[in-house]
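Work through the exercises below with the model open. Try each task before reading its solution.

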Amino acid sequence: MKFLLLLSLVAFCWAQYDPHTYYGRSAFVHLFEWRWVDIAKECERYLGPNGFGGVQVSPPNENLVVESPSRPWWERYQPISYKICSRSGNEDEFKDMVNRCNNVGVRIYVDAVINHMCGVTAEAGQSSTCGSYFNPSNRDFPGVPYSGFDFNDAKCTTDSGDIESYADAAQVRNCRLSGLLDLALDTDYVRTMVADYMNHLIDIGVAGFRLDASKHMWPEDIKAILDKLNNLNTQWFDEGSRPFIFQEVIDLGGEAVSSSEYFGNGRVTEFKYGAKLGNVMRKLDGEKMAYLKNWGEGWGFMPSDRALVFVDNHDNQRGHGAGGSSILTFWDARLYKMAVGFMLAHPYGFTRVMSSYYWPRYFQDGSDINNWFGPPNDNGATKEVTINSDSTCGNGWICEHRWRQIRNMVAFRNVVSTQPFANWWDNDSNQVAFGRGNKGFIVFNNDDWDLSTTLQTGLPAGTYCDVISGDKIDGNCTGTKVYVDSNGNAQFFISSSAEDPFIAIHTESKI
């Protein structure tokens, strides 16, 4: 009896780190600013069939409508209430999406904005996505309801009321982030209101949450909220399953708040991952791909079983957040595909793929100040995600997750997910290769000269389709073939001028 109790306690303690992906699925995608009706369709027509484990969706709750600049992406991060009502759709559409995605084994992770409400400078009665009245100057949000008792104004010690120094943990957690009204999460009432919102989403069928701005909340306050959450809906999840939690904590070092403080609550976003990988791929500061041999904890990252990793996210691809000019995005397509390929092949962390939309990047003077642009829209109404005949997206949606190279690397990760890192090779520069046990092998050439060499793949003998240059279709390859001999060796050639200078093979691509 004691042994069974111990096992149940261990399972419960680890529960918040489990993304609850369908068996054999090991990566998810952020469909940034997509409508619920489009996500439902994408789960059924693409994500489920191609082995994606889940979707991070934009905040579903009522938010401030910002008319100047015209409906920016960041208005979604200024809550007015916890009603499910945003430019992505209403509650019925949200429920339909969750049902349809779960039914094809694709989990939904909600971006939960629970640290704050809207900005203090918003005007009383300004438009919101559900039409709820609010008055920020009086801290009056009747749609929740919140009042002046529910904010941290009295706890903040700065003259402005905003965070003025990131060297002071109390400021970071008790004062306003960019003027956003900071909730008093140390009170049971606010904790209950937040938990009620999250429980409503859990009961609908979501699998977990990204906790926005976790760095600006005390870890013990987050834990108190998580302790109030329901178990997941047993229509799709095992009895007793707990919500998957990943916390946004930007920690590049040198500040008062550390990622490790949040490990007890769930996984944490490892922002150093994309920043350092971008440096390596861009060959900045003397970095080389050969140095990636001990990638992960060896680079000073958090433990793999606590890490949520990504090449870019909705913040830093616009120059916000962390990483600066080293961050790779769809604007740098050649290097970006290599970086995402490396991430999906490597065993470190739980991986998230970004799916973006276009915005006008530069003005004629070369300045880049258009990073506020919201999703493709007609007079504020978000445009449908249309699908072109070649499987790419139209209507201004980029859909990196639909790029063949990225889609096939998600499949690669699924095939090799239980396999150890193996058979590392490098040329002391920017040509590297590694395997995952006896299931997969990947080779990169980020040098300015061709790669031509024989490597030990660890794979069974046979002919394999390179899943970067093409697909395996009807028992044949639409791209390059790789021949592995009886000793597991294969000859690789990658031109330095190739559109995609990397090759990946796995046991499911064998013909």
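**Exercise 1: the second largest pocket**

Helix α9 (residues 404–416) contributes three residues to the lining of the second largest pocket, the most of any element. This is a predicted model: local features need pLDDT of at least 70, side-chain atom pairs count only at pLDDT 80 or more, and totals for chains, interfaces and linings use all residues. Residues are numbered from 1 along each chain as its sequence is written, and side-chain values use heavy atoms, without hydrogens and water.

Task: describe the second largest pocket by volume, lining and class.

Solution.
1. Its volume is about 490 Å³.
2. The lining has 18 residues; Arg25, Ser26, Arg413, Ser417 and Thr418 lie nearest the centre.
3. Six lining residues are nonpolar, eight polar and four charged. (Ala, Val, Leu, Ile, Met, Phe, Trp, Tyr, Cys and Pro count as nonpolar, Asp, Glu, Lys and Arg as charged, the others, Gly among them, as polar.)

**Exercise 2: the largest pocket**

Task: which residues are the closest to the centre of the largest pocket?

Solution.
1. The largest pocket holds about 720 Å³.
2. Of its 29 lining residues, Leu177, Ser178, Leu180, Asp315 and His320 are the closest to the centre.
3. By class, 12 lining residues are nonpolar, 11 polar and six charged.

**Exercise 3: a helix pair**

Task: describe how α3 and α5 pack.

Solution.
1. Helix α3 (residues 91–103) and helix α5 (residues 188–204) pack at about 50°, with axes 9 Å apart.
2. Therefore α3 is oblique to α5. (Under 35 degrees is roughly parallel, over 145 roughly antiparallel, 65 to 115 roughly perpendicular, the rest oblique.)
3. Glu91, Phe94, Lys95 and Val98 of α3 meet His200, Leu201 and Ile204 of α5 (contact: heavy atoms within 4.5 Å).
4. Four of these contact residues are nonpolar, one polar and two charged.

Note on methods: Axes are lines fitted to C-alpha atoms, for helices over the stretch in contact, and angles run from 0 to 180 degrees between N-to-C directions. Helices (H or I, at least four residues) and strands (E, at least two) are DSSP runs, numbered from the N terminus. On a 1 Å grid over the protein atoms alone, a cavity is a set of points where a 1.4 Å probe fits but cannot get out, and a pocket is an open set with protein on both sides within 12 Å along at least five of seven lines; lining residues have an atom within 4 Å of a point. Grid points are joined across faces, edges and corners, and a volume is the space filled by probe spheres set on the points.
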